[in-house]
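Subject: Structure for your files

Hello,

Please find the structure below, with the sequence. My notes on it follow.

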Amino acid sequence: MSCGSENPELKNATTVKDRSEQQILTGDKPSENLKANAIEEGDAAGKIRWSLGRVQEEMRNSIGTISGLESVDVLLDDNFQMVIRTKENGDSYEKRVGIANIDIDMKKIQILRDGDEYPNPGFRMPILEEKPGVEIYRNGVKSETKRELEIVLGERRQVQLVVSALTHAVKSARGESL
């Protein structure tokens, strides 16, 4: 695929549950809870959903901290495309990207520090060369394609959690060991 090609159409995209909603608590010993929450080694979709659950949860926890952010939903489709849907200041936005297309080289990830230039903390992860970029939609209409995934959060501590979760999701989508 060339740099300019598009991501495939979404296929059966479903909302990811927050990490806290995914956890099973047996009420018994912690070891029983661990067994109840175990994901099979070959279950790439299960691993990705678990990882994206952290992204969903931290982004939702940012509502009320990020000016204008009204709602957040993270979705995953059958082709391991991640969709981040937000409602901001009355407008609907979507970011669509193939999870395996995200470059997880820590030297290439740009941390956005809240302060003068950025009102909130966050990060940018580049897209691998020759892979489709991040498609941005506003109110259902594709507006642009970017060569990096940018995520803004409410607090600095959330940045590390979300970068780590996305890194695990990318490795799972590529079939790499964690």
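Helices here are DSSP runs of H or I with at least four residues, strands are runs of E with at least two, and both are numbered from the N terminus. Counted that way, the chain has four helices and nine strands. Please note that this is a predicted model.

Read from the N terminus, the order of elements is β-α-α-α-β-β-β-β-β-β-β-β-α.

Overall figures for the chain:
- The chain has 178 residues, and 40% of them count as buried.
- Its accessible surface is about 10000 Å², with 46% of that belonging to carbon and sulfur atoms.
- Among contacts with a separation of 6 or more, 59% are between residues 24 or more positions apart.

The part I looked at in detail is a sheet. It is open, consists of three strands in the order β5-β6-β9, and is paired in the antiparallel sense. Because β5 (110-112) and β9 (148-152) are at the edges and have a single partner strand each, one side of each has no neighbour in the sheet. From one strand to the next, the twist averages 15°.

Between β6 (residues 122-126) and β9 the antiparallel pairing runs over five bridges.

Regards

How values were computed: Residues numbered from 1 in each chain as written. Predicted model: local features only at pLDDT ≥ 70, side-chain atom pairs only at ≥ 80, totals over all residues. Heavy atoms only, no water. Pairing = 2+ DSSP bridges. Axes fitted to C-alpha atoms, helices over the stretch in contact; angles between N-to-C directions. Buried < 20%, exposed > 50% of the residue type's maximum accessible area, 1.4 Å probe, protein only. Contact = heavy atoms within 4.5 Å. Areas by Shrake-Rupley, 256 points an atom, 1.4 Å probe, with all protein chains shown as cover.
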